[in-house]
Amino acid sequence: MSTIIAVLKESGDENRVAITPDVASKLIHSKFEVMVERGAGQNAYFSDQAYQDAGAQVVSRDDAVSQANVIATVDLPDSETLGKLHEGQILIGLLKALTDLDSIRQLAKQKVTALSFELLPRTISRAQGMDVLSSQASIAGYKAALVAADKFARYFPMMITAAGTAKPAKVLVLGTGVAGLQAIGTAKRLGAIVSGYDVRPASRGEVESLGAEFLTSSVSAIGEGGYARQLSADEQKQQQDELIGFIKQNDIVITTAQVPGKKPPMLVPQAAVDNAKPGSVFVDLAASDLGGNVAGSRPDQTVVTDSGVQLIGAGNLASEMVTSASEMFSKNVQAVINDVADKDAQITIDLKDDVMSQLVATDHGEIISERVRKALNLPTAQPAKDDDAPADSDDKSAEKGD
């Protein structure tokens, strides 16, 4: 019996689709069946006909949810859809596993296996092809530079004209992970003078390789799992004081620092906004309901201060480059499916695997992820026993969060 993969239409302002026609075709070639909810790809410019031409079935949401073995989404489905999921199904997507804990409890209760991309261990090389956070951050960083250039009232590059010379814009990127490096590279290509700031000194080489100046702090925030760690209150104050001087010298500030499942660090305090040049632009890629990097920024809004400083809350820029973002997201989903499927398109998830042991939030009625269990104040889960090990074996499967 074939494994059926369903693709749902996203709700709200989310325009991406979890699987594109191209990836659907490849999955079908690998012996999977693919069902696509009617209109699922429309906002990403993938028609129902394109899915049908790829060999997928275009169906209603109820048919997709009731018949699928695997359901792929970008965002966590709405509560009505979650309530229709049944035991044994696999749900893959950005499921807010560390923030929407009630939904995670519900998925566990319904015995749904939930694979949440926020939990992926990003430092394991085999997981790189599955890394939705990186693929979407790269797109967001690129788009952030374009948004800044569009909103800025002057040229980005130096321009020599008959009417005089226009000075180049000065751009400061705070946080030089995937999004930050892409923002730096794009701003440089647009002709700006660019600086990159990070509390991880090891980032210097990457920043300078893009032709930007590297700035850092006396505060070190080297963390585990490919992320900067969360700073203490005293460290944040010290970092902010250092940054105020850097920010005042620039026209554009792009902030990218996020801690999955937690409030983003405040990198740009109100004093820095107040002291910014009139007409300055701040693009806050961390802006969300949990907060942001810039004081006064609001998710999905542009706030203009009395001095004309623009604070752009841009926490979901990837969705504005919807076709490319969907293509990248879809390939990440495909990588996960290929990793857990055999040659006959049957899926088996090994919870002792170094990637799956962290990516899986819930399975067979249990909350598997130690990071989620910690967020729920649950005790550490007992390690799974090897069927071939003696009954009194004390082997432990180490699991470390990002």
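These legends go with close-up views of a predicted model. Local features here need pLDDT of at least 70 and side-chain atom pairs count only at pLDDT 80 or more, while totals for chains, interfaces and linings use all residues. Numbering runs from 1 along each chain as its sequence is written, and side-chain values use heavy atoms, with hydrogens and water left out.

**View A. A patch of negative charge on the surface, with Glu320 as one of its members.** Asp13, Asp289, Asp300 and Glu320 come together here. A patch takes residues with over 30% relative accessible area and no salt bridge, and like charges are joined within 9 Å. A salt bridge means a side-chain nitrogen of Lys or Arg within 4 Å of a carboxyl oxygen of Asp or Glu. Asp and Glu count as negative, and the charge is placed at CG of Asp or CD of Glu. Accessible areas come from the Shrake-Rupley method with a 1.4 Å probe, and for residues only the protein chains shown count as cover. Glu320 sits in the loop between strand 15 (310-313) and helix 11 (322-340); helices (H or I, at least four residues) and strands (E, at least two) are DSSP runs, numbered from the N terminus. Glu320 counts as exposed because its relative accessibility is 52%, with exposed meaning over 50%, buried under 20% and partly exposed in between.

**View B. Ala68, buried in a loop.** Look for Ala68 between helix 3 (61-67) and strand 4 (70-75). Its relative accessible area is 2%, so Ala68 is buried. Setting aside residues up to four places away in sequence, Ala68 touches Ile4, Ala6, His86 and Gln89, where contact means heavy atoms within 4.5 Å. Ala68 and His86 are 18 residues apart along the chain, and their C-alpha atoms are 9.9 Å apart.

**View C. Thr81, buried in helix 4.** Helix 4 covers residues 79-84. With a relative accessible area of 5%, Thr81 is buried. Apart from neighbours within four places in sequence, Thr81 is in contact with Leu8, Arg61 and Val65.

**View D. Tyr45, a loop residue with a positive phi.** Tyr45 has a phi of about 70° and is not a glycine. Most residues other than glycine have a negative phi. The loop holding Tyr45 runs between strand 2 (33-37) and helix 2 (48-53). Tyr45 counts as exposed, at 67% relative accessibility.

**View E. His364, with a positive phi in a loop between strands.** Phi is about 50° at His364, which is not a glycine. His364 is exposed, with 63% relative accessibility.

Key: Patch = residues over 30% accessible without salt bridge, like charges linked within 9 Å, V, L, I, M, F, W, Y side chains within 5 Å. Buried < 20%, exposed > 50% of the residue type's maximum accessible area, 1.4 Å probe, protein only.
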